[in-house]
Amino acid sequence: MKLKLTKLKQVSKTTTLQKRTLIFTQNSFLKNSWNFTLKMRNVAIMLLSAFFFSCEDPINIAVDTPSTGGQFSTTFTDTLTVTRSTVMIDSVVTSEQTGAVVGHYKDPVFGDVSATIFTEITLPYDPTSGTYYPFAITTSDSLTSVYDSMYVYLVHNGFSYGDSTKPITLNLHRLTQDFVKNKKYLNDEALTYNPTPLATQVLTYKDFKRATVSTTDSLIKFKVPDAIGREIFALANKPEGRDIDKFTAAVKGFAFTVNQNASTVYGLSLTAGTSYPLVYYHAPGDTVAKGLYLSFLGGRFSNIKSDRQGTVLQDIKQFQSIPSTATGNKTYIQTGAGITTKMSFPTLTNLLKNGSNNVAINKAELILEPDLDQVTGNFFPPIQIALVEIGKDNRLKKTNNLEDFVALDVASGTQYVSDYSKTNNNYKFNFTSYIQELLNNRKTTDGIAIVPSILSTNSSTGATTIGIYNNNVARAVFKNIKLNVYYSGKR
């Protein structure tokens with residue numbers, strides 16, 4: 001077979017190319033749509049290599065073969081419509097996640113944002129076995145031990161939002177209300193607590209930054225009043241100290257609040273081996289105090305409030321969809337508040353308008369670009385996002401009570417999440433397989449929602465799971481969302 005390559009007339013470098021076409025003619029096509037798709041995709045890989053890696057800007061590469069069969073073209077388009085709207089979803093679960101947030105700040109886009117942490121005090125925890133163990137003093141010390149003090153140590157998880165140049169006043173309160181066992185707490189729920197703080201610390205950004213798990217001396221530290229410390233110490237070696245339910249019922253837990261003129265929200269880590277309460281005691285003859293560790297691994301959640309009065313989203317309500325045309329062609333996402341961007345692709349079937357249902361998606365990318373004017377100072381976008389199917393009623397779709405995350409790039413390995421690229425100011429998803437399945441009617445969608453996400457790996461099995469992460473207040477304003485598609489179709 002003789003290949004004849006013809007270089008077309010050079011086009012000015014300043015011309016914007018909206019459509020590039022490669023023409024290939026072959027003798028026959030397989031009638032089966034799926035086999036046709038695979039065959040065209042394999043051929044297109046060779047042609048796209050020339051398209052992407054040629055030294056000069058390629059406009060059109062023509063490949064002539066005997067013309068007794070059909071003809072297909074491989075085309076690039078970035079003009080498919082992505083319809084966008086801002087939606088407020090329900091059931092924003094903030095409980096039992098790896099972190100929690102506390103603080104207050106005024107967001108120039110989303111208004112007044114405040115967060116409070118509620119957490120149970122739980123028995124000591126062994127991360128190796130994954131079990132709690134008794135709150136107990138060694139037998140030799142049990143009858144002669146003397147209480148010394150109790151402290152709460154807090155680890156900063158690296159998250160801060162707002163004006164970090166100003167200090168905040170962090171308060172430790174005792175809860176007066178029990179957690180409901182196994183309940184999933186939402187961002188708008190709260191527990192009652194004694195309004196008089198047990199302890200208070202004035203903290204700067206530097207205090208949080210150095211509060212890492214590497215050095216106990218650098219952690220944020222609260223001294224608990226001795227009356228409460230002695231009350232908890234008295235439970236050692238008692239039935240309450242051996243049963244997790246009895247222990248949490250007896251000691252309840254803590255709430256962490258800030259002063260309402262604070263200008264920053266901070267994240268705290270509440271996982272095993274990070275933040276913890278610690279009771280110190282000694283026995284006769286001891287020269288160094290001994291410690292009884294407790295944990296924050298039971299019920300825990302963040303209450304996150306937003307007052308959007310005076311903002312573009314001041315009238316948004318649950319399940320309501322505000323089109324981008326009503327918000328200056330911008331859409332929004334706010335972690336912990338249930339604000340998300342919903343997308344749909346109404347012109348996707350335009351790829352089939354050439355009269356053939358045989359279309360192969362060679363490459364498709366969904367690119368989401370935050371508004372750089374809103375990525376300033378300490379207002380950075382969520383570190384990682386995922387996509388979830390969303391219904392016409394603007395509720396996230398679920399199967400067996402788990403969100404229907406969109407699995408992408410099935411051919412080369414499943415991709416669920418995208419990290420924010422500071423260099424390119426975007427999130428990027430490989431949409432190839434997803435778009436192909438939509439065109440081939442193997443999948444349907446009412447829309448896709450953007451959610452903040454987190455990947456977790458089970459240390460025992462190595463299995464990775466994905467979840468919606470609602471325990472910070474990072475947000476993004478999307479000014480541009482586009483779908484770039486390279487596709488091949490029979491002419």
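1. A word on the model: it is predicted, so local features need pLDDT of at least 70 and side-chain atom pairs count only at pLDDT 80 or more, while totals for chains, interfaces and linings use all residues. Residues are numbered from 1 along each chain as its sequence is written, and side-chain values use heavy atoms, with hydrogens and water left out.

2. Now the aromatic pairs, of which the whole structure has 28. The rings of Y161 and F380 have centres 5.1 Å apart and planes at 80 degrees, so this pair is edge-to-face. (Rings of Phe, Tyr and Trp, the last by its six-membered ring, pair if their centres lie within 6.5 Å; planes under 30 degrees apart are stacked, over 60 edge-to-face, and the rest tilted.) Because Y161 lies in strand β9 (residues 146–162) and F380 in the loop between β21 (359–370) and β22 (384–389), the pair ties together parts 219 residues apart in sequence. Strands here are DSSP runs (E, at least two residues), as are helices (H or I, at least four), numbered from the N terminus.

3. How exposed are the two partners? Y161 counts as buried, at 0% relative accessibility, whereas F380 is partly exposed, with a relative accessible area of 27%. Buried means under 20%, exposed over 50% and partly exposed in between, using a 1.4 Å probe and protein chains only. Y161 and F380 also belong to one aromatic cluster with Y105, F159 and F379.

4. F345 and F431 form another edge-to-face pair, 5.8 Å centre to centre with 65 degrees between the planes. F345 lies in the loop between β20 (339–344) and β21, and F431 in the loop between β26 (427–430) and α5 (432–439), so parts 86 residues apart in sequence are tied together. Both F345 and F431 are buried.

5. Finally, the second largest cavity is lined by residues including F379, P381, R475, A476 and V477. Three lining residues, the largest share, come from strand β29 (residues 475–490). A cavity is a set of points on a 1 Å grid over the protein atoms alone where a 1.4 Å probe fits but cannot get out; lining residues have an atom within 4 Å of a point.

Notes:
On a 1 Å grid over the protein atoms alone, a cavity is a set of points where a 1.4 Å probe fits but cannot get out, and a pocket is an open set with protein on both sides within 12 Å along at least five of seven lines; lining residues have an atom within 4 Å of a point.
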